[in-house]
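Visitor: I am new to this one. Could you show it to me and take some questions?

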Amino acid sequence: MFCAFGIMSAGATTVTQEFKTGLGFPEGTTATVPTEATTAKASDTGIEYTLLGTNVNTGGYLMISGKTVAGAYISWSLDFDCVQLALTTTSGGSTNANNTVNIYANDNVIVSNFAVNTQSQTYIVDIPAEYQKAGTVYKVESNTTGYNTQFSSFTYSDEKIEAEEPDAPEGTITVAEALVYIENGYRGEATVKGIISQIDEISTQYGNATYVIKDALTDENGLKVYRGFYLNGEKFTAEDQLAVGGIVTVEGKLTLYGSTPEFDSGNTILSYEAPQGGGDQPGTGDDDPVTPPTPEGNQVTFDFTKDAYGLPNDNDTYTTNGTVIKSGSVNIELNGEEDDAWRMWTDGLRAYNKKFPYFTVTEANGYKVTEVSLTVVSGATFMVEGYENDANITTWVGSAESVTFTYTATSNKAVKTITVKYDDTTAVDTLGNENVNAPVEYFNLQGVRVANPEAGNLYIVRQGNKVSKTLVR
C-alpha cells in the first residue's frame, strides 16, 4: 500500500535515508552505474550500503537501473530493530506503471513483485517478525529489465506507522480542491468541474483528448486532463467537440505525473457546456452566443510536412545555431545549447533532445506576437518560460516581441506545424474613418464578449466592419 506518514509514538526510532549527491554514494547516470557490487557509507546516517547497478543520479535521487544491470539492487543492515520500511518514489518519469521490486531480508524474499509505480508516493512494507532484529540484511532489487526505478528516500522504523490516506472527495469538486487533494497525496477517483483553458490535442485517430481545466481562465494553476474520452466514455470523432472556454465535468483518477497534476488517461466527460457570450467567465452571461471575430492578414503557418523553408531536406543535414527560416513576415530562429539541434525529417522538423533545442518566433516589422500554436508528433513537448508553469505547451497566447519555445522531451521528436499570429495594429483609433462612429466591442481571445476590458490584457476588438487585436493600456 502507499500512504502519507502518520503518527508514531514519542519513543520510536526512525531514520530517513535521503538519496542526494555528496553523501558518499556512487554518483552518475544510468550509463555509469556500478556493474560489480560496491559498498558506500552514507555520511548523514552512517549506514553502510551495497549497490549493484545502482547509484545516486546527478539529479539527486537513487536510481536502481534494472535496465542497465539485470538484478540491480541496494542492500543494507541496521543497528536497531526494523518493523516497517518506507520507500518514497521520485516525481521523475521513470516511475511508471511497469516499476516493481523484490524485497529481501537475509536473502529471503519477503515481498515479491512489489509495485512502486506512482510518482512522489511513499510505499509501506511491513517486515515479518522473524526479520525485524538489528543486523538483518535488507535488499531492494529491481524486478524489471526494461525500466529504471527511482527513489528519493528510504525510511526505517522500529514501530508501525499509522497510515493516513486522504479520504476520497465527495461529489463534484473544483479544480483548486483537486490540486489540494493531489498535493496531499491522494491518487484516486474524483469528479472535477472546470473551464477549459487550453487544448493540447483532440485525436480523432485514438478518440481521446488532452486539455487543461481551471476554475477561472485567469487562474495561474490548472489541472491537466490527459487522454480522456468524450461524453459517457464515447470516443472523440471531431476536433471541434471541445473549445477553450467550455465548462466541463470530468470523472477519472487524479495523479501526479512528474510535477504536473492531472487526470490519468481513460477519464471521461460527464457534462460539457460550449462557450457562451457575455460576462467575464465563459457561459455565465445571458447574451446570445457570439461567433469570435477573426483579425485579417496577421497569421502565418509553417507546415514542415510540406515545406522545408530553405532547410536541407535530405534527412541528414543538421542546422547550425542561429539558422532563421521565414514565411511571410514571421521569422523562426533555430538554436540549441549545441549545434545540430534540429533537422528536417520525414515527419517534420525534428528536435534532438541531447542538444537542448529551442526556437524563437519574431515578426519582421516589429509587431507583437500574440499567439503561437504547434502540432507535434506524439511525445514532443515544449515549455515557454513563465507560461502556465507547464512543460507541455502546444499553444502560447499573450503579447510579446519574441516568444521562445524550449524542447523538454527526452527523445527525438518532430514538430509538424507552427502557426503564428501577430498584432498588425497599434490601437483602436487606427480602425479607419468609416468605422469611427460605430460602437466598439471587446472579446477575449476565446471569442467571449467582455463588457469591461482591463488594462494590460490583449483583446479582439470589433468596430463596424473592422477587426483587430489590441492590447488595452
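Visitor: Among contacts between residues at least 6 apart in sequence, what share joins residues at least 24 apart?
Guide: Bear in mind that this is a predicted model. Take the contacts in the chain between residues at least 6 apart in sequence. The share of them that joins residues at least 24 apart is 63%.

Visitor: How many helices and strands are there in the chain?
Guide: The chain has 473 residues, and 49% of them count as buried. Its elements are 1 helix and 34 strands.

Visitor: Which residue is the bridge partner of E333 in strand 26?
Guide: Strand 23 covers residues 330-336, and strand 26 covers residues 357-363. The two run antiparallel and are joined by 7 bridges. In strand 26, E333 has as its bridge partner T360.

Visitor: By what angle are neighbouring strands turned against each other in the sheet 3-4-7-12-9-10?
Guide: Here 6 strands form an open sheet, again with antiparallel pairing. Strand 3 (38-41) and strand 10 (108-115) are its edge strands, each pairing on one side only.

Visitor: Which residue in strand 4 stands opposite T39?
Guide: Strand 3 pairs with strand 4 (residues 48-52) in the antiparallel sense. There are 4 bridges between them. Opposite T39 stands T50.

Visitor: How many residues apart are E338 and K355?
Guide: Their side chains meet in a salt bridge, 3.4 Å from N to O. E338 lies in the loop between strand 23 and strand 24 (342-345). K355 lies in the loop between strand 25 (348-351) and strand 26. The pair links distant parts of the chain, and the separation is 17 residues.

Visitor: Is R350 buried or exposed?
Guide: R350 forms a salt bridge with D347, with the closest N and O atoms 3.3 Å apart. D347 counts as partly exposed, at 22% relative accessibility. The cut-off for buried is under 20%. R350 has 16% relative accessibility, so it counts as buried.

Visitor: How many salt bridges does a search of the whole structure find?
Guide: One more example is K20 with E18, whose closest N and O atoms are 3.0 Å apart. K20 is partly exposed at 43% relative accessibility, and E18 is partly exposed at 35%. For the whole structure, the number of salt bridges found is 6.

Conventions. Residues numbered from 1 in each chain as written. Predicted model: local features only at pLDDT ≥ 70, side-chain atom pairs only at ≥ 80, totals over all residues. Heavy atoms only, no water. Pairing = 2+ DSSP bridges. Buried < 20%, exposed > 50% of the residue type's maximum accessible area, 1.4 Å probe, protein only. Contact = heavy atoms within 4.5 Å. Salt bridge = Lys/Arg side-chain N within 4 Å of Asp/Glu carboxyl O.
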